[in-house]
Structures are given as C-alpha cells and as structure tokens.
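The following paragraphs lead through the structure shown below, from its overall architecture to its charged contacts.

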Amino acid sequence: MSGYDSGDTLNGMKVAVSIPDPIFEAIERLAKQRRMARSQLFAEALEAYLEARDTQAITASLNEVYAKESSALDEGLQKAQSDSIDHEAW
C-alpha cells in the first residue's frame, strides 16, 4: 500500500468520521483478525472503493461510446482475423 510506511502508522491526513455502531464493531473485529491497525483497514477499504469507482467510470464512458458507434467488425477484417489463427480442436 503506497500510503503506509514499514509500520502500522498512516502517512497522511487524520480525519474524524461518524460510523454506525454495527459497522464499527465489524471493522474492529476484522482489524483484530487481520492484525492490522484500524486506520490501515479504513484506508485500504477506501482505496478499493475508489479503484472500483474509477473502473465503473471507464466502463460507463465505453458504454456511452458504443451506444453511438457500432463495435461490429468489418466482414473482411473478421475473416482475416479468423484465417490468421490456428484451427485446432479444443
């Protein structure tokens, strides 16, 4: 994880957030189970969330493009691709 040094301390900004008790308790259990600092668990979870959102944005952009443009291959190109691969039984 890029935001961490060799210990369990976070190199970054401290923030205060309100979390429902059941979620906090689940986080406490998971952090203990994984033997990691709670702040590290929060940071990793948020990083994973941000990466997932980024992937969703890329997918949404591609879907927008292909809603307007056909993704079908030209028949000649499709034949050339098919002819260029080995035809062996799987």
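**Architecture and charged pairs**

The protein chain contains three helices and zero strands, where helices (H or I, at least four residues) and strands (E, at least two) are DSSP runs numbered from the N terminus. From the N terminus on, the order of elements is α-α-α. This is a predicted model, in which local features need pLDDT of at least 70 and side-chain atom pairs count only at pLDDT 80 or more, while totals for chains, interfaces and linings use all residues. Residues are numbered from 1 along each chain as its sequence is written, and side-chain values use heavy atoms, with hydrogens and water left out.

Of the 90 residues of the protein chain, 7% count as buried; buried means under 20% relative accessible area, exposed over 50%, and partly exposed in between (1.4 Å probe, protein chains only).

Arg35 lies in the loop between α1 (21-34) and α2 (38-68). Its phi is near 55°, a positive value in a residue other than glycine, and Arg35 is exposed at a relative accessible area of 77%.

The structure holds four salt bridges, each a side-chain nitrogen of Lys or Arg within 4 Å of a carboxyl oxygen of Asp or Glu. One of them joins Arg34 and Glu44, with the closest N and O atoms 3.6 Å apart. This pair links distant parts of the chain, Arg34 in helix α1 and Glu44 in helix α2, 10 residues apart.

Another joins Glu64 to Lys68 at 3.8 Å between the closest N and O atoms; these residues are four apart in helix α2 and therefore separated by about one helical turn.
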